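User: Got a two-chain model open here. Can you walk me through it, starting with where the chains meet?

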Amino acid sequence: MKPLKKTALATAALLAATVLVPGFIPAAQAEASDIRAGSCNAPNFCLFENANFNQGGVNHWRDITHEDDDFMGNHWRDNNGYLTNVDMNDETSSVKNRTGCSVRLYEHANYQGDFTGFDNGAGDGSLSDNRIGNDRASSALFFNCA
Amino acid sequence: MHRNRLTLLSLAVLVLPSCTVRHSPEHTSSRPPSAWTSSFRLPLPFDAYKWNPRETWLRERARHLLAEHCLQARGIDLDLPGATPEPPDSYDNSRRYGVGDIRAASRFGYHPPEMWSGGQPQWAERLSAEEEAALYGAESDPGCYHQADSALSLGTPAADTSWLATQSSRTLLRSSATAEVNQARSSWSTCMKQAGYAYTHPDKAIGDPQWDLDSRTVTAREIETARADVRCKRSSGLLRLWHTTESAAQRRVIARHRAVFESLTANKQAQLKNAARALEVRR
């Protein structure tokens, strides 16, 4: 059986802790509040559900630091850092790369189909004007890491 | 110097084991794939209007040079990542129709070979807050990468890259759905069954939950399956038919929209000219 996605595992652990320990508030979530739209720190590859890094739109975002062969089952985080129930597959509209690596977004899962590369420091407020296109990214490959 | 190159080199050596292919015990090969290159590209008519690896590499070198000068002007001495070997001067469609390169499949199974180029993203983790802000920008300051990008796009003519993205996606999807390609896909499935693999579609084979394409572990079973996959894509004609069908579709699009493609060429050439000038001037 394929290992569950790290996101799914984290969500499951979070849910289990919440259910098993009454009054439990996960530390990361308890501390997170009002995450600014468009914020992105090294060493993350930051994905945003809306164009212009969510500025002016719903602040659904996700940071990744390594490959992801299938976005399906991974959910966006919200303005407070909480996982939402909105799946991020085929839903990315803008990105920022602060990984120190080159990152390719592929149109299909398992690094297949059309792709667009983002060098370190690249930010694209509108994926519609490159090959991956708007709302089409399904996997991310990190390479040429420093 | 702010960053000690020797320290970086030592760290690079330390992370090397994680950059090698880990085969399962039953697999005999353990050659590290660090110098992987492939001539398998599956060229398509749109390629000339996209950025191939060498063009991207040239632009990136110029971008880094400009960003480093910008940082120095701000009193920050920082080695940027990106000093990679010169890549091929041709666009890479090798995974456009799933795995198709028998050499890559024999070594990496369903994993993309690029996963083994470079190390881990540790450079970015070591950035100080000041360096990060200067490089990527902060609230009131767009940062040095932004400054470099602006310089490289200075005076470039407009081009509808969004339109090209849509066309590229459409030709892939439409060619995938033609009767000929569907028939070949069915033949692929029959071929796989005869080889002992019960997959109804190539996506089921590469997406088999037995393989973890997020990790750098490649099992012998994955390699055997990927090799059979490629062999069947060839014997069934799937790879050739899909590629031929999409090539024809892209040629038709180019013939119908010559002016748009000319503007795409002009835009790319202008950006490359700016990059070449930056590399010359700043050397």
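**Chain contact and folds**

Analyst: Chain A puts 37 residues into the contact, and chain B puts in 40 residues. Keep in mind that this is a predicted model.

User: Which strands of chain A each supply at least two residues to the side that touches chain B?

Analyst: Those are β7 (112-118) and β9 (139-143) of chain A. β7(A) gives the most, with four residues.

User: And how does that side of chain A split by class?

Analyst: The side of chain A that touches chain B has 13 nonpolar, 13 polar and 11 charged residues.

User: Back to β7 and β9 of chain A. What sheet are they in?

Analyst: An open sheet of three strands, in the order β7-β6-β9 (chain A). The pairing is antiparallel. β7 and β9 of chain A have a single partner strand each, so they stand at the edges, and one side of each is left without a neighbour in the sheet.

User: How much are neighbouring strands turned against each other?

Analyst: By 25 degrees on average in this sheet, direction ignored.

User: How many bridges between β6 and β7 of chain A?

Analyst: Five. Strand β6 (residues 102-108) of chain A pairs with β7(A) in the antiparallel sense. For a specific pair, take L105(A), whose bridge partner in β7(A) is T116(A).

User: Switching to β5 of chain A. Are its faces covered or open?

Analyst: Both faces of strand β5 (residues 94-97) of chain A are covered. On one side S94(A) and K96(A) are buried, and on the other V95(A) and N97(A) are buried.

User: A lysine and an asparagine in there, noted. What does β5(A) bridge to?

Analyst: Strand β1 (residues 45-48) of chain A joins β5(A) through four bridges, running antiparallel. Strand β8 (residues 123-124) of chain A joins β5(A) through two bridges, also antiparallel.

User: Zoom out. What is the secondary structure of chain A?

Analyst: Two helices and nine strands. From the N terminus on, the elements run α-α-β-β-β-β-β-β-β-β-β.

User: And chain B?

Analyst: Chain B has 12 helices and two strands. Read along the sequence, the pattern is α-β-α-α-α-α-α-α-α-α-β-α-α-α.

User: How about contacts between residues at least 24 apart in sequence?

Analyst: In chain A, 58% of the contacts between residues at least 6 apart join residues at least 24 apart. In chain B, residues 24 or more positions apart account for 85% of the contacts with a separation of 6 or more.

User: Now the helices in chain B. How do α8 and α10 cross?

Analyst: Helix α8 (residues 179-194) and helix α10 (residues 220-235) of chain B cross at roughly 135 degrees, and their axes come within 9 Å. α8(B) and α10(B) are therefore oblique to each other. α8(B) passes α10(B) in a right-handed crossing.

User: Which residues make that contact?

Analyst: From α8(B), W188(B), C191(B) and M192(B). From α10(B), A228(B), C232(B), K233(B) and S235(B).

User: What classes do they fall into?

Analyst: The residues of the contact of α8(B) with α10(B) divide into five nonpolar, one polar and one charged.

Terms used
Residues are numbered from 1 along each chain as its sequence is written. Chains are lettered from A and ligands numbered from 1 in the order in which they are written. This is a predicted model: local features need pLDDT of at least 70, side-chain atom pairs count only at pLDDT 80 or more; totals for chains, interfaces and linings use all residues. Two residues are in contact if their C-beta atoms, placed from the backbone, lie within 7 Å. Ala, Val, Leu, Ile, Met, Phe, Trp, Tyr, Cys and Pro count as nonpolar, Asp, Glu, Lys and Arg as charged, and the others, Gly among them, as polar. A residue is buried if 20 or more other C-beta atoms lie within 10 Å of its own, exposed if 12 or fewer, and partly exposed in between; C-beta atoms are placed from the backbone. Two strands pair if DSSP finds at least two bridges between them. Axes are lines fitted to C-alpha atoms, for helices over the stretch in contact, and angles run from 0 to 180 degrees between N-to-C directions. Angles under 35 degrees count as roughly parallel, over 145 as roughly antiparallel, 65 to 115 as roughly perpendicular and the rest as oblique. A crossing is left-handed if the near helix is turned anticlockwise from the far one by less than a right angle, and right-handed if clockwise.
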